[in-house]
Amino acid sequence: MASPQGSRAPLEFGGPLGAAALMLLLPATMFHLLLVARSGPARLLGPPPYLPGPEVLWSPRLLLLWLTWLGLQAALYLLPARKVAEGLELKDKSRLRYPINGFQALVLTALLVGLAVSAGLPLGALPEVLLPLAFAATLTAFIFSLLLYLKALVAPASALAPGGNSGNPIYDFFLGRELNPRICSFDFKYFCELRPGLIGWVLINLALLMQEAELRGSPSLAMWLVNGFQLLYVGDALWHEEAVLTTMDITHDGFGFMLAFGDLAWVPFTYSLQAQFLLHHPQPLGLPMASVICLIKAVGYYIFRGANSQKNTFRKNPSDPRVAGLETIPTATGRQLLVSGWWGLVRHPNYLGDLIMALAWSLPCGVSHLLPYFYLLYFTALLVHREARDEQQCLQKYGRAWHEYCRRVPYRILPYVY
Ligand SMILES: NC(=O)C1=CN([C@@H]2O[C@H](COP(=O)(O)OP(=O)(O)OC[C@H]3O[C@@H](n4cnc5c(N)ncnc54)[C@H](OP(=O)(O)O)[C@@H]3O)[C@@H](O)[C@H]2O)C=CC1
Ligand SMILES: CC(C)CCC[C@@H](C)[C@H]1CC=C2C3=C(CC[C@@]21C)[C@@]1(C)CC[C@H](O)C(C)(C)[C@@H]1CC3
């Protein structure tokens, strides 16, 4: 049985008060964004146009639709995979196995949706029901997090995450107690991180594009760009699915409300904000500006993919010819840190690339409104905070070697600025 005391990791996110505030603020922000995106003034900082009552939010039909979506993605997860990958070593020295079939799930979902649309499914009507659908996703995330919290009560101590076991129920519910909650080989965190939310996001984008085509005869260039860029991002994540196994979410954070809500509700309903905005506020975009935006996206993607692949290749096999020539610092753990290549430019080159891509997703929406830049603002805050958390973890893991890395590579995300 898990000890009620758990580990004594320092509290993050402002402790129990911060966790409680975030549990209210995050869903409220998501609903605010959904409401203002369709309002005339579309003011990020203004009041919402109206407060939706229960009759707008609650729909058993849409809850069923949402659960069907989760069921479909779970079924696709269980299909035979082209590869089964091993995760990092756990506290008890074991390694978990994960199916690598996320890209296959994306392609099969696209085929199924294509078939359903040609058989008459009104996908273009989806934007009309985003509010009740987001409500269903939020409700599911709360109930799911509660079940995960209860499951952790009977988990062995070795299965618990380093944070999220403070003994304070609110804090632990938010951060998540168990590191890799599973039933048989079904890994809930890994499944949620990459499947229903990410694939749901591109499906919502597509529905918005289809509705724009119905309303205006054809989708706008801005809508095509936003759809294309975000599809590339999701496709890339699923193509490189194995790389998610070394992210902080999988290796360090427990599975609680933060990730359950983030994966299932926040990602599909707020990351599609630019496409939602464009449906209700069409923006003129000429070819020269579109080309500049594509160039910004390409630069961001080049840095993001280059940095992530370089680190993953190096962590898998430091003698791989693609990384063997890079300069490194030895650490007491036996692992090395890269100090040249992308990881010699700044300490988080992948965040830099991700932020440049985020800018490219907002620019097609013009500069008349702040609302489509919400993602860029939120993401900057998330990555600055995430970088600080990672820095603490690396300092604990690598001690003096990490100090040496910081001396050799002084900037965190943006060269000569931060
Ligand atoms: N769109 C979104 O909402 C989000 C996207 N992301 C993206 O996810 C990706 C993964 O991010 P994240 O999990 O935060 O962190 P990283 O992929 O940056 O991983 C950080 C880890 O990399 C290792 N590392 C750090 N420096 C070096 C070095 N010099 N040489 C070798 N290894 C090093 C350390 O782990 P170790 O040494 O143990 O291997 C460290 O803990 C990023 O591209 C990020 O932008 C992240 C959050 C949200
Ligand atoms: C809403 C809360 C404040 C925080 C929730 C955070 C989550 C939304 C994000 C935490 C880490 C994420 C990652 C991705 C999506 C967003 C969340 C879940 C990611 C799957 C996006 C695609 C990338 O290519 C990636 C590197 C695979 C990402 C991994 C981290």
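1. A residue counts as near a ligand if one of its heavy atoms lies within 4 Å of that ligand. By this criterion, 13 residues surround ligand 2, and the closest are Glu193, Ala237, Asp249, Asp263 and Phe304. The protein buries 87% of the 630 Å² that ligand 2 exposes when taken alone; accessible areas are from the Shrake-Rupley method with a 1.4 Å probe, and for residues only the protein chains shown count as cover.

2. The model is predicted: local features require a pLDDT of at least 70 and side-chain atom pairs a pLDDT of 80 or more, whereas totals for chains, interfaces and linings use all residues. Residues are numbered from 1 along each chain as its sequence is written, chains are lettered from A and ligands numbered from 1 in the order in which they are written, and side-chain values use heavy atoms, with hydrogens and water left out.

3. On confidence, the chain averages a pLDDT (the predictor's confidence in each residue, from 0 to 100) of 93, and 98% of the residues score at least 70. Residues 1–7 have a pLDDT below 50, and beyond near neighbours in sequence this stretch has 18 contacts in the model, a contact being heavy atoms within 4.5 Å. Where pLDDT is low, the predicted coordinates should not be read in detail. The model scores are ipTM 0.97 and pTM 0.94.

4. Returning to ligand 2, its shell draws two or more residues from each of α7 (188–194), α9 (221–239) and α11 (257–270). Helices (H or I, at least four residues) and strands (E, at least two) are DSSP runs numbered from the N terminus. The most, four residues, comes from α11. By class, the shell around ligand 2 has eight nonpolar, one polar and four charged residues; Ala, Val, Leu, Ile, Met, Phe, Trp, Tyr, Cys and Pro count as nonpolar, Asp, Glu, Lys and Arg as charged, and the others, Gly among them, as polar.

5. Ligand 1 is surrounded by 26 residues, the closest being Tyr271, Tyr351, Asp354, Arg386 and Tyr398. For Asp354, a polar side-chain atom lies 2.5 Å from an oxygen atom of ligand 1. A polar side-chain atom of Tyr233 is 2.8 Å from a nitrogen atom of ligand 1, and a polar backbone atom of Met248 is 3.3 Å from an oxygen atom of this ligand. Taken alone, ligand 1 exposes 920 Å², of which the protein buries 89%.

6. In the shell around ligand 1, α15 (374–398) has the largest share, with eight residues. This shell divides into 15 nonpolar, four polar and seven charged residues.

7. The chain is divided into domain 1 (29–40 + 56–87 + 96–282) and domain 2 (300–417), with bounds from an automatic or database domain assignment. Their C-alpha centres lie 24 Å apart, and the contact takes 28 residues from domain 1 and 23 residues from domain 2. Ligand 1 lies between the two domains because both give residues to its shell.

Notes: A polar contact is a pair of N or O atoms within 3.5 Å; within protein, one must be able to donate a hydrogen and the other to accept it, and residues adjacent in sequence count only if both atoms are side-chain atoms.
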